[in-house]
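Look at the structure below and follow it from its sheet to its helices and its nonpolar cores.

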Amino acid sequence: MKAVVCRAYGGPEVASLEEIATPEIRAGHVRIRVEASSASFASLLAMAGKHQNRAPLPLVAGTETSGVVIESGEDATHFRIGDRVIAGVQSGGYAQEVVAPEQTVFSLPDDISFDDGAQFPTIYGTAYGALKWRARVEPGEIVLVHGAGGGSGLAAVEVAKALGAQVIATAGSDEKLAVAREHGADHTINYRLDDWRDSVLRITDHRGADVIYDPVGGETFKESLRCIAPEGRIIPMGFAGGTIPTVPANIVLVKNISVLGVYWGYYFGWGRQPVLSSNDARLRRAYEELFHWSRQGKLRPRAHAILPLSEFRRAFEMIASREVIGRVVLHPQD
């Protein structure tokens, strides 16, 4: 099969499109013919050896895929040959085939495209887990979403709206903010032009946001602590700004706020801690609700570009330049 292979850590220039052996099927796993893969900033980090889950070399990156089941391993009982599915994988997504454990594979409804489906395994799953399971967003609450022009930010905007929240979105260009409004944001702030912290306080009558979804980190996290409402919840989703912030416990104390960690890979069994046996049913209910919202038009994954797998370098150059609004989707079969 064809796959994007990294034999050294670095930028996309160190990777190449190669013909490699298909992965072996294992018990409890299914083999998927990959129709679409979602390219992400996290994959750039993985290829550079800078991701929190440092993968060994040689590496086929990629964590979000959609496609068709073509083989089932021993003890795999959830799916049949020909089923349309999405899959979250720790690696291996930028290839024509991937082998995934059944607990991270979910049915893809016939009326949802492979291109849309490829964005659900981690970015929509993460937004759902963060905002519904961890932050317990209630209708009418105010959710501040940073980095709202990216795939993760847009997913958070949509999930927050589906939960009945009012959404304030920040991004670095008017074009990105226009897309955030199209996807449901009630208020938008261009952080390059305005003091976004003051804007949040003004919008909320100086009370602050009830929930803050932060994939940026660094100074953005620190400033977020200054515009969070009492008993608010802040979710550090990632560190796209390049700096991992520290949490000042005195602010957590005096403002009665909660700092919530959400690592979606834990629910997929990627963490070092054991996952509850009841987790499978919980995850399947989550994706059923996400797809229900999608059918209602509440979730509309945005593909900034759709490219053949052979143009993976172009895809990652677009991501690195911060020009992408939504996600870039790769087609391994083209």
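An open sheet is built from 6 strands in the order S10-S9-S8-S11-S12-S13, with parallel pairing. Strands (E, at least two residues) and helices (H or I, at least four) are DSSP runs numbered from the N terminus, and two strands pair if DSSP finds at least two bridges between them. Strand S10 (187-190) and strand S13 (258-259) are at the edges with a single partner strand each, so one side of each has no neighbour in the sheet. Strand S9 (residues 166-171) pairs with S10 in the parallel sense over 4 bridges. Ala169 has Thr188 in S10 as its bridge partner.

This is a predicted model, in which local features need pLDDT of at least 70 and side-chain atom pairs count only at pLDDT 80 or more, while totals for chains, interfaces and linings use all residues. Residues are numbered from 1 along each chain as its sequence is written, and side-chain values use heavy atoms, with hydrogens and water left out.

Helix H3 (residues 120-134) lies across strand S8 (142-145), strand S11 (209-214) and strand S12 (228-236), and runs at about 150 degrees to S11. Axes are lines fitted to C-alpha atoms, for helices over the stretch in contact, and angles run from 0 to 180 degrees between N-to-C directions.

Next come the cores. A nonpolar core is a set of buried Ala, Val, Leu, Ile, Met, Phe, Trp, Tyr and Cys residues joined through side-chain atoms within 4.5 Å. Buried means under 20% relative accessible area, exposed over 50%, and partly exposed in between (1.4 Å probe, protein chains only). The largest nonpolar core has 49 residues, of which Leu131, Val159, Tyr213, Ile235, Tyr287 and Leu290 touch the most other members. H3 gives this core its largest share, 8 residues. In soluble globular proteins, nonpolar side chains tend to be buried together.

Leu131 touches residues including Val143, Val159, Val211, Tyr213 and Ile235, leaving out those up to four places away in sequence; contact means heavy atoms within 4.5 Å. Another core, of 22 residues, lies apart, and among its members are Cys6, Ala39, Leu44 and Val328.

Helix H1 (residues 41-48) and helix H11 (residues 312-320) pack at about 110 degrees, with axes 9 Å apart. H1 is therefore roughly perpendicular to H11, a term for angles of 65 to 115 degrees.

Notes: Angles under 35 degrees count as roughly parallel, over 145 as roughly antiparallel, 65 to 115 as roughly perpendicular and the rest as oblique.
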